[in-house]
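This report concerns aromatic ring pairs and charges placed over rings. Please consult the sequence and structure shown here alongside the text.

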Amino acid sequence: MDNPNKSSDESNSGAEPCNGEVIRSGREILLQAFNWESHKNDWWKNIEDKVPDIAKSGFTSAWLPPVTHSVSPEGYLPQNLYSLHSSYGPELLLKALLEKLKQYKVRAMADIVINHRVGTTQGHGGTYNRYDGIPLSWDERAVTSCSGGSGSQGTGDNFHGVPNIDHGQSFVQKDIIEWLNWLRKSVGFQDFRFDFAKGYAAKYVKKYVEEAKPVFAVGEYWDSCSYNAPDSRLEYNQDSHRQRIINWIDNAGGLCAAFDFTTKGILQESVRGELWRLRDSKGKPPGVMGWWPSRAVTFIENHDTGSTQSHWPFPAGHIMEGYAYILTHPGIPTVFYDHLYDWGDSTHDQIVKLMDIRKRQDIHSRSSIKILEAQPNLYSAKIGDKVCMKIGDGSWSPAGQEWTLATSGHRYAVWLKEVPHN
């Protein structure tokens, strides 16, 4: 059960929902609206054309790639943070996309890359650790000492090969908060995704969310799961892994959710005939979802793990099992662009059907769950009072005539309980 003592919910009297209100509701479904190769296409126009379908499908937020000027075409080596001309398209087309999303009541999520920044000028020590001639013209103090600057050592993991930002500097914090507020109030973004959140302390994310007030925020705290040394098999118990993500959320004041990398790691091993992994020793889901579901953003693939990078890919033949799991379970599910739009109409329609069931049956981030079976080739669960599901090739259906098959596909099925009419 979600821990109510960890909630940092807030009241809101304005028209736009606030962070606390959205977290409290828990009815978000996110779309990652790009992949690693999207910069090679006319991306802002491509997504704009799909906005009606994105809205009709039921997504509440569309996570866009980094929109500011970057040395790398994918956007993850930013330099001029106030330039909206990127390899994904010009500022004019970005603004048109954001307006279309607003028209269709889908929030735009900005990819916030503030762990590192490519310098423009050589400074202290002969490295490119100054930012001259562009907005946020920081000097060497803005760069951590372990990445070539004269700032502090930093408060997280070092992102190698590029200057890491020292978030401990008050002028850096001030400038980042102003930039985030510009993205919110002038550009038109409502949600934030914090890239490489392991690189700087979560307390800074807390401050940035408090000051810029996104409607919803999620951090990428990507940590390594535990594997057995001899054969590199995933260990059954991943409590230490999910605890580290929980600690990060806690240190961010509960104001920012986190991607549930624990669930992804376990789920993609489970669907290969080890579905027993999907029940922890206490009978709960084994990921962050099982401990703090209202802050667990579940997913099965993203631009790093899948796409052409394929750093940690989900087995392709089991994609729909993955979606049947995350779209019927607690947490906040995310759908990857490729699966929705590049895998054909059948996959698109199956995903949208599961989303429709989630919405109509009012499954939300804190929905109750009872795991019924967790065998090598069969997993089944009851979510809330009105939904049962199973994945795997084992034979199973819920007991009782009141259950009706709502949707099914390769190695998955979902049933709904019929409500008797008076």
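## A buried ring

F299 is buried, with a relative accessible area of 2%; buried means under 20% relative accessible area, with a 1.4 Å probe and protein chains only. The model is predicted: local features need pLDDT of at least 70, side-chain atom pairs count only at pLDDT 80 or more, and totals for chains, interfaces and linings use all residues. Residues are numbered from 1 along each chain as its sequence is written, and side-chain values use heavy atoms, with hydrogens and water left out.

## Aromatic pairs

The whole structure holds 18 aromatic pairs, where rings of Phe, Tyr and Trp (its six-membered ring) pair if their centres lie within 6.5 Å. W63 lies in strand β2 (residues 61–63) and F259 in strand β8 (residues 257–259), 196 residues apart; strands are DSSP runs (E, at least two residues) numbered from the N terminus.

W63 is buried at 3% relative accessible area, and F259 is buried at 5%. F259 also pairs with F299: the centres are 5.7 Å apart and the planes at 80°, so this pair is edge-to-face. Ring pairs link F34, W63, W222, F259, F261, F299 and W312 into a cluster.

## Charges over rings

The charged end of K50 sits over the ring of Y341, 5.3 Å from its centre. K198 lies over the face of Y221, 5.9 Å from the ring centre. For Lys, this requires NZ within 6 Å of the ring centre and within 35 degrees of the ring normal.

Conventions. Rings of Phe, Tyr and Trp (its six-membered ring) pair if their centres lie within 6.5 Å; planes under 30 degrees apart count as stacked, over 60 as edge-to-face and the rest as tilted. Helices (H or I, at least four residues) and strands (E, at least two) are DSSP runs, numbered from the N terminus. Buried means under 20% relative accessible area, exposed over 50%, partly exposed in between (1.4 Å probe, protein chains only).
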